[in-house]
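Please work through the following exercises with the model at hand. Each task is followed by a solution in steps.

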Amino acid sequence: MQVNIFEAKNRLSQLIRSAQAGEEVIIANRGEPVARLVPARETAGAGSARAILGWLERHSLPDYARRSAEEIDAAIAEEKHSWE
């Protein structure tokens with residue numbers, strides 16, 4: 001679920017209950033996501049490779065943030081070049 005800051009301020013208790021129930025709450029500023037409300041407790045094995053891959057499968061990047069391996073390699077090369 002996504003809510004704007006004003007709505008989040010007015011519904012904070014309800015949004016916290018939603019997060020405690022396992023729902024991810026995105027807080028946005030004028031429609032642009034800026035924060036995520038999730039349960040504070042850690043789940044067992046949260047740092048394991050399997051848990052990380054599972055999370056990535058459930059939370060894919062939006063299209064505007066996706067880059068090919070070639071684009072990533074070019075960005076790394078450009079950054080390294082700027083150090084010289």
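Lys and Arg count as positive and Asp and Glu as negative, while His and the chain ends are not counted; the place of a charge is NZ of Lys, CZ of Arg, CG of Asp or CD of Glu. This is a predicted model, in which local features need pLDDT of at least 70, side-chain atom pairs count only at pLDDT 80 or more, and totals for chains, interfaces and linings use all residues. Residues are numbered from 1 along each chain as its sequence is written, and side-chain values use heavy atoms, without hydrogens and water.

**Exercise 1.** Determine how many positive and negative side chains the protein chain has, and how far apart the centres of the two sets lie.

*Solution.* The count gives 11 positive and 13 negative side chains. The two centres are 12 Å apart.

**Exercise 2.** Describe the pairing of strand 2 with strand 1 and with strand 3.

*Solution.* Strands are DSSP runs of E with at least two residues, numbered from the N terminus; two strands pair if DSSP finds at least two bridges between them.
- Step 1: Strand 1 (residues 2–4) runs parallel to strand 2, with three bridges; Val 3 has Ile 27 as its bridge partner.
- Step 2: Five bridges link strand 2 to strand 3 (residues 32–37) in the antiparallel sense, and Asn 29 stands opposite Glu 32.
- Step 3: Strands 2 and 3 form a hairpin with two residues between them, where Arg 30 has a positive phi of about 55 degrees.

**Exercise 3.** Is strand 2 mostly covered or uncovered?

*Solution.* Buried means under 20% relative accessible area (1.4 Å probe, protein chains only). Four of the five residues in strand 2 (residues 25–29) are buried, so defined.

Note on methods:
Buried means under 20% relative accessible area, exposed over 50%, partly exposed in between (1.4 Å probe, protein chains only).
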